[in-house]
Amino acid sequence: MEMRAQESVNMSEDLTGAIAPYATALHDAFLQSHCSSCFSKLPSQSPRVMSCTTCCSVRYCSSECLSSDSVVHSSCGECCFFVEHLRRASPNYVTEGTSDLRAALRLLYVLEMNGLVSSDQINHYSRIGGLSASGIEEALEEGDEIAERILEGSLLMSSARKARAQTYVSFLDGLKVERMALWAVITNSVEVQLDEGLAMGIAVYGPGFSWFNHSCFPNASYRFVLAPKNEDCISAKSKSRAVPASKGVAADVVKETRGGATLTAWHAWHYEEADSTNAPCKYGPRVVVRCTKPINKGDEVCITYIDLLQTKEARHSDLWLKYKFICSCNRCIASPESYVDLILNRDARDLNKPEDAIAAPIVEDLDDDLQQAISEYSLGDDAKACCDMIESMLSENLMRVLHKGELSGRKQILHPLHRVCFTAYMALASAYRFRAISLKTGSLHGENSDDLFRMAKAAAAYSLVLAGAMNHLFLSECSFMMPLSHFLIGAGQSLFFLVESAKGETKQYLSEAKITFPSRPESSAKHDSLKYSEFRSTCEGFGKRMLSLSFHCWSFLVQGLPCLEKVKNPIDFSWLGTTIHQSLLPEEDYANLSAQDPTSFTKEQKECILSLAICCVTYCKYLTSICYGPQHYLSVHAKGILEGISIFT
């Protein structure tokens with residue numbers, strides 16, 4: 001199944017209303033801090049906070065949430081699961097998390113109560129309640145961790161369901177329905193992010209959302225919103241501008257039978273979704289799909305299921321591991337490969353060669369070294385060792401000069417836009433930021449101020465080159481809008497932190513920095529019919545401003561970082577060769593700005609870095625508002641940063 005546009009739409013328009021979920025479940029770590037019904041944060045020491053009196057494992061922010069969720073919680077078996085099974089489970093099992101099992105219990109209950117589970121569906125492993133269950137047989141046959149999870153989880157689910165006071169629908173193969181429900185959760189659930197990027201839990205939505213297919217160059221995104229209190233479910237009341245279609249068969253001629261009445265596939269889907277999400281998930285977090293590119297009437301609307309900054313082989317591996325399908329989107333079948341994949345995957349020496357002369361580089365060893373450093377950092381919090389190891393790898397392999405004897409070999413030469421570099425930049429920016437914050441919180445009376453400044457400067461440099469490299473790929477393919485937004489706000493915050501870590505008052509430089517910054521583009525709240533040409537022009541304007549500012553401070557930021565000293569500019573990569581897009585600035589302006597070579601952290605440097613930080617955060621706010629809307633948590637966060645700056649200017 002797939003979703004197609006019912007009408008032509010411009011970018012930055014919502015395609016659906018706020019769709020209520022079939023089932024939700026908080027992650028274990030948030031059960032005591034957030035409401036299990038609406039996912040809102042619980043007030044500390046509030047008399048309004050309530051808990052299930054039987055298991056005491058779920059909490060609610062209000063009597064409305066308690067009454068809306070308590071029946072599902074107890075009747076689906078989740079309460080019994082907590083009482084009888086979770087407390088007896090091994091520590092390792094608890095550590096793994098139980099949100100998928102609890103969501104599957106809730107999903108199965110909702111479907112059963114609405115008559116959406118049939119013996120025919122279960123026996124043929126086809127669909128369950130309109131949700132795809134294909135691939136479960138392959139998953140079980142492979143016998144990997146997912147298969148083990150399905151087998152063990154279905155046993156726990158079955159035991160919890162039998163322990164309920166209510167009877168439940170049973171089938172000849174008693175575990176088949178539990179396995180299908182759990183598999184449907186694994187393949188159809190999405191991580192719910194409502195604040196600061198934290199994945200607080202998972203939610204399973206009906207065909208109105210689950211039928212959006214994956215693409216490695218998607219034309220839509222989605223966001224989560226809290227459900228309004230004291231209102232009926234509104235998911236069925238908002239007109240969707242994307243409608244389901246069966247591949248090879250028109251949606252209006254596919255028929256289903258329900259309760260003796262014959263309905264078209266569209267009406268059956270619409271009825272089932274509205275019916276099954278009414279009471280059980282009245283306050284569950286809603287999802288809204290929004291287009292990120294202009295879409296013509298009849299075109300398929302696609303979102304992404306995975307990280308797009310990967311090779312085709314890695315993307316296909318991720319998709320097969322979890323979803324059991326091989327992607328055949330335009331990016332995956334392109335011949336020759338897309339510009340983005342060429343840049344992400346190719347050896348530096350191959351960037352200016354014809355496609356047929358390019359040889360696939362061998363990067364497994366570099367990947368292994370990088371992942372080892374990141375793993376050791378994550379497990380042992382040894383940020384210094386992580387930085388040393390990754391920087392050594394980059395210094396040796398990033399744009400290095402080859403000796404004559406090496407020209408015939410296929411040794412890896414990374415360029416700043418290579419996918420390995422992206423991973424390295426992210427790890428280094430995080431590690432240096434961690435080291436800087438640790439020094440700031442642990443220092444007394446100016447102790448370690450020099451080390452703090454060096455760590456903050458390194459974090460800012462890596463964050464900026466990461467944002468610049470992502471911006472380059474984004475200008476080629478706007479599917480990278482959201483990753484760019486995250487990298488931009490990370491760069492902005494790191495640049496602000498750098499100036500704050502320097503001796504002297506930061507606020508005295510903000511006024512000068514603000515004056516040098518051009519008028520900010522309006523929020524996309526007014527861009528409900530934003531034309532792509534306007535969007536492109538605005539983004540190029542941000543890129544030119546970032547480029548201009550970076551020329552005045554880049555040489556200062558990379559002092560003491562040998563691997564970044566090889567990067568001539570973090571925003572414009574035309575210096576890599578003719579394959580790279582042309583410069584954002586005219587050649588004469590580029591030459592004039594390149595002549596700047598500041599060596600100390602002067603007043604002008606602070607003003608320039610602050611202006612660059614403001615530009616990054618403003619750019620992030622603009623992109624996030626377009627991609628997800630002005631109420632998205634990242635857009636609100638960027639707005640808060642800018643408003644905090646404005647009070648000093």
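Helix H17 (residues 449–476) and helix H18 (residues 481–501) pack at an angle of about 155 degrees, and their axes lie 8 Å apart. This is a predicted model, in which local features need pLDDT of at least 70 and side-chain atom pairs count only at pLDDT 80 or more, while totals for chains, interfaces and linings use all residues. Residues are numbered from 1 along each chain as its sequence is written, and side-chain values use heavy atoms, with hydrogens and water left out.

H17 and H18 are therefore roughly antiparallel to each other (angles over 145 degrees count as such; they run from 0 to 180 degrees between N-to-C directions, with axes fitted to C-alpha atoms over the stretch in contact). H17 passes H18 in a left-handed crossing, with the near helix turned anticlockwise from the far one by less than a right angle. By class, their contact has 19 nonpolar, 5 polar and 1 charged residues (Asp, Glu, Lys and Arg count as charged; Ala, Val, Leu, Ile, Met, Phe, Trp, Tyr, Cys and Pro as nonpolar; the others, Gly among them, as polar).

How many cavities of 30 Å³ or more are there? The count comes to 2. A cavity here is a set of points on a 1 Å grid over the protein atoms alone where a 1.4 Å probe fits but cannot get out, and lining residues have an atom within 4 Å of a point. A volume is the space filled by probe spheres set on the points, which are joined across faces, edges and corners.

| Cavity | Volume |
|---|---|
| Largest | about 50 Å³ |

Among the residues lining the largest cavity are Phe474, Glu477, Tyr532 and Arg536. H17 and helix H20 (532–551) each give two or more residues to that lining, and H20 has the largest share, with 4 residues. The lining divides into 6 nonpolar, 1 polar and 2 charged residues.

The second largest cavity is lined by residues including Thr24, Val58, Glu78 and Arg102. Strand E3 (21–26) and helix H4 (99–113) each supply at least two lining residues there, and the largest share, 3 residues, comes from E3. Its lining divides into 4 nonpolar, 2 polar and 3 charged residues.

Finally, the sheet. An open sheet of 3 strands has the order E2-E15-E11, with antiparallel pairing; strands pair if DSSP finds at least two bridges between them. Strand E2 (13–14) and strand E11 (220–225) are the edge strands. E11 is joined to strand E15 (residues 286–291) by 6 bridges, and Phe224 stands opposite Val287 in E15. Helices (H or I, at least four residues) and strands (E, at least two) are DSSP runs, numbered from the N terminus.

Key. Parallel < 35°, antiparallel > 145°, perpendicular 65-115°, else oblique. 1 Å grid on protein atoms, 1.4 Å probe; cavity = no way out; pocket = protein on both sides within 12 Å on 5 of 7 lines; lining within 4 Å.
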